Amino acid sequence: MNLIPSTGYMPFYVSSGKTVATPSVDASTALKNSDVYGVINLISSDVASCIMQTRNAGAYSSAITLSPNPSISAYSFWQSAITQLLLTGNAYLLIHEDKNGVWFEQVPTYQVEIQVEDDGSAIQYQLNFSGDRPAVTAKSSEIIHFRLLA
């Protein structure tokens, strides 16, 4: 098992090869504070309204810039992803490729476990979906993982 050195606050710990998040305040509590809500809403709205440009993104270019998810607008998708990033320190996007092209699915942080090989050579993501949807193990090439301060 790999140990991650603790130098100051660590928003996670490693147990049996899995990274487990340790949030100090949950999102529901944070958003009850009007100042926190206002700042998160402002930042996520500003980022979501930016005109995004990609370089060497290939098939992902249009998914990133125009239509990241077929169910909601690009603005709503990115606002939600940035909100999750600001509240939890992580945002996870599962990459889907089908006959309609490439699209992303946002996976809530509480449904994700990160698995790191003992030698650090590989990372996998265990996605524990709610309801009747079965759990999925995704390779790092199948996930876009945004990390904040980690």
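1. A residue is called buried when its relative accessible area is under 20%, exposed when it is over 50%, and partly exposed in between, with a 1.4 Å probe and protein chains only. The model is a predicted one, in which local features need pLDDT of at least 70 and side-chain atom pairs count only at pLDDT 80 or more, while totals for chains, interfaces and linings use all residues. Residues are numbered from 1 along each chain as its sequence is written, and side-chain values use heavy atoms, with hydrogens and water left out.

2. Helix α2 spans residues 34-48, and its 15 residues reach 21 Å from the first C-alpha to the last, close to the 21 Å expected at 1.5 Å a residue (the expected span being 1.5 Å times one less than the number of residues). Helices here are DSSP runs of H or I with at least four residues, and strands are runs of E with at least two, numbered from the N terminus.

3. Within α2, I40, S44, S45 and A48 are buried. They cover an arc of only 125 degrees around the axis, which puts them on the same side of α2, the arc being that of the directions from the helix axis to the C-beta atoms. On the other side of α2, D35 and L42 are exposed.

4. Strand β3 (residues 90-98) has seven of its nine residues buried, so it is largely enclosed by the rest of the structure. With strand β8 (residues 143-147), β3 pairs in the antiparallel sense over five bridges (pairing requires that DSSP finds at least two bridges between the strands), and L93 has I144 in β8 as its bridge partner.
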